[in-house]
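Subject: Structure handover

Hello,

Here is the structure you asked about. My notes follow below it.

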Amino acid sequence: MRIDVDSDITRLVARAADLIEALVRTRPDAVLGIATGSTPEPLYAELAARAAAGLDFSRLRIASLDEYVGLGADHPQSYRHFVQRHVIEPLGIDPGNIVVPDGAAEPQQAAADFDRGLQRLGGVDLQILGIGPNGHIAFNEPGSALESGVRVVSLSDSTVEANARFFPSAADVPTKAITQGVGTILRSRRAVLLAFGSAKAEATAAMIDGPVTAAVPASALQRHPAAEVFLDEAAAAQLC
Ligand code: F6R
């Protein structure tokens, strides 16, 4: 695991964007794995700026990490909607080149279709990740098996609470999701995790310095052959 700490989020984001730019220049049809949530938004804005400056993302293929059960593509808080707004449109990606779970479909069927879609892509070349304050990656909550695959999961109270800021109230946050598993994420060829702010400090320290354990799903990244973690000083504050 390579750790990059910087007081300046703009510089961190530029370095993460450099990795994606290098991938796109080498393999224009590479598979980029997208995390949603607030943390990667500045990274997607930086990629959008590079697209506006002429970098060609049009052949890139996109895989999502997860989706809320019950939210269709037209719901403003669905992850499909997020990917459309922050990635597909600004980067000029062909909407036919995106694999996302269908939150509006029957969940077990949607999970099976998502899994098949990921297999057809041949895996993810570079997976962007965030971390939950409880140590989750994607929607793999504490207790998720380290070898887990794509599946339907129940969200923990802590995640529902953390994501309530995007909804009118906590009661409106879906309680189930379809997610790539920890094992799926470990098979990505490169993983780039971003964490900013003091709310992520404890989980970040557990991910990097703690034991590899299902209690902290992000700790599985210690076993990833090419994982890079980009932290601001607040998120890095509890590292040994
Ligand atoms: C989103 C996802 C989640 C988030 C995590 C952090 O696709 O998989 O694991 O990365 O909940 O969310 P933010 O960045 O909003 O703090």
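The protein chain has a radius of gyration of 16 Å; a compact globule of 240 residues would come near 18 Å, so the two agree. That radius is taken over C-alpha atoms, and the globule rule is 2.2 Å times the number of residues to the power 0.38. Along its principal axes the C-alpha trace spans about 40 × 40 × 35 Å.

Two notes on conventions. This is a predicted model: local features need pLDDT of at least 70, side-chain atom pairs count only at pLDDT 80 or more, and totals for chains, interfaces and linings use all residues. Residues are numbered from 1 along each chain as its sequence is written.

The protein chain holds 7 helices and 10 strands. These are DSSP runs, numbered from the N terminus (helices: H or I, at least four residues; strands: E, at least two).

Parallel sheet. 7 strands form an open sheet with parallel pairing, in the order β1-β10-β9-β6-β2-β3-β5. Pairing requires at least two DSSP bridges between two strands. β1 (2-6) and β5 (98-99) are the edges; each has a single partner strand, so one side of each lacks a neighbour in the sheet. β1 pairs with β10 (residues 227-232) in the parallel sense over 5 bridges. Arg 2 stands opposite Glu 228 in β10.

Helix α1 (residues 9-26) lies across β1, β2 (31-34), β6 (126-129), β9 (191-195) and β10, at about 155 degrees to β10. Contact means C-beta atoms, placed from the backbone, within 7 Å. Axes are lines fitted to C-alpha atoms, for helices over the stretch in contact; angles run from 0 to 180 degrees between N-to-C directions.

Antiparallel sheet. 3 strands form an open sheet in the order β4-β8-β7, with antiparallel pairing. Its edge strands, β4 (66-68) and β7 (151-154), each pair on one side only. Neighbouring strands here are turned by 25 degrees against each other on average, direction ignored. β4 and β8 (residues 176-179) run antiparallel, joined by 3 bridges. Asp 66 has Thr 179 in β8 as its bridge partner. Helix α4 (residues 107-121) packs on this sheet, touching β7 and β8, and makes about 20 degrees with the direction of β8.

Best regards

Methods:
Two residues are in contact if their C-beta atoms, placed from the backbone, lie within 7 Å.
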